Amino acid sequence: MVIRLTTGIEIGFAPRQVEGLEHAKAEDLDEIEITPAGLGVHFPKLDADLYIPALLDGVLGSASWMAGLMGRKGGKSRSPSKASAARENGKRGGRPRKSAA
């Protein structure tokens with residue numbers, strides 16, 4: 001998705017990277033409203049709003065949502081140090097079981 005501002009600046013992102021749009025289908029994104037002040041974009045079919053100044057700062061969702069996104073990316077990383085740590089953890093019996101509280 002690309003949002004072009006009247007200043008000529010374009011903000012591009014994949015909807016799956018934005019909180020509120022991550023599960024949207026193409027037809028959910030075809031209707032867009034600009035807020036009266038021009039600082040927001042509203043997707044009526046999803047009842048989702050984006051704040052343009054936050055998008056310019058690279059903020060694609062709430063702090064907790066973005067932290068979860070980063071955590072998922074980190075969990076998928078593959079590096080020699082991560083593989084070595086997993087092997088060492090396996091030698092000691094692996095991940096501890098969760099206790100029933």
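User: Lys 45: where does its accessibility put it?
Analyst: Lys 45 counts as partly exposed, at 44% relative accessibility. Buried means under 20% relative accessible area, exposed means over 50%, and partly exposed lies in between (1.4 Å probe, protein chains only).

User: What should I know about the model itself before we go on?
Analyst: It is a predicted model: local features need pLDDT of at least 70, side-chain atom pairs count only at pLDDT 80 or more, and totals for chains, interfaces and linings use all residues. Residues are numbered from 1 along each chain as its sequence is written, and side-chain values use heavy atoms, with hydrogens and water left out.

User: Back to Lys 45. What does it form a salt bridge with?
Analyst: With Asp 30, where the closest N and O atoms are 2.8 Å apart. The two sit in distant parts of the chain, 15 residues apart: Lys 45 in the loop between β4 and β5, Asp 30 in the loop between β2 (10-12) and β3. A salt bridge here is a side-chain nitrogen of Lys or Arg within 4 Å of a carboxyl oxygen of Asp or Glu. Helices (H or I, at least four residues) and strands (E, at least two) are DSSP runs, numbered from the N terminus.

User: And Asp 30, buried or exposed?
Analyst: Asp 30 counts as exposed, at 54% relative accessibility.

User: How many salt bridges does the whole structure have?
Analyst: The search finds 3. One of them joins Glu 10 to Arg 4, with 2.6 Å between the closest N and O atoms. Arg 4 is exposed at 61% relative accessible area, while Glu 10 is partly exposed at 44%. Another is formed by the side chains of Glu 88 and Lys 91, at 3.1 Å from N to O.

User: Where do Glu 88 and Lys 91 sit relative to each other?
Analyst: Both are in helix α3 (residues 80-91), 3 residues apart, so about one helical turn separates them. Lys 91 is exposed at 65%, and Glu 88 is partly exposed at 35%.

User: Now the strands. What is the order in the open sheet?
Analyst: The sheet has 3 strands in the order β3-β4-β5, with antiparallel pairing. Two strands pair if DSSP finds at least two bridges between them. There are 2 bridges between β3 and β4, and 4 between β4 and β5.

User: How many residues lie between β4 and β5 in their hairpin?
Analyst: There are 4, and Asp 47 in that turn has a positive phi of about 50°.

User: Which faces does β5 have?
Analyst: Ala 48 and Leu 50 are on its covered face, Asp 49 and Tyr 51 on the uncovered one. In a regular strand, side chains alternate between the two faces of the sheet.

User: Where is His 42?
Analyst: In strand β4. His 42 is the bridge partner of Glu 33, and its own partner in β5 is Asp 49. The side chains of His 42 and Asp 49 also make a polar contact at 2.6 Å. That term means a pair of N or O atoms within 3.5 Å; within protein, one must be able to donate a hydrogen and the other to accept it, and residues adjacent in sequence count only if both atoms are side-chain atoms.

User: Is His 42 buried or exposed?
Analyst: His 42 is buried, with a relative accessible area of 17%.

User: Which residues make up the largest nonpolar core?
Analyst: It has 12 residues, among them Ile 3, Phe 13, Val 41, Phe 43 and Leu 55. β4 (40-43), β5 (48-51) and α1 (52-56) are the elements that give two or more residues to this core. A nonpolar core is a set of buried Ala, Val, Leu, Ile, Met, Phe, Trp, Tyr and Cys residues joined through side-chain atoms within 4.5 Å.

User: What is Phe 43 in contact with, leaving aside neighbours within four places in sequence?
Analyst: Its contacts include Met 1, Leu 21, Leu 29 and Leu 50. Contact means heavy atoms within 4.5 Å.

User: Last topic: which element has the lowest mean pLDDT?
Analyst: Helix α2 (residues 63-76), at 65, whereas β4 has the highest, at 92. pLDDT is the predictor's confidence in each residue, from 0 to 100. The chain averages 81, and 83% of the residues score at least 70. Where pLDDT is low, the predicted coordinates should not be read in detail.
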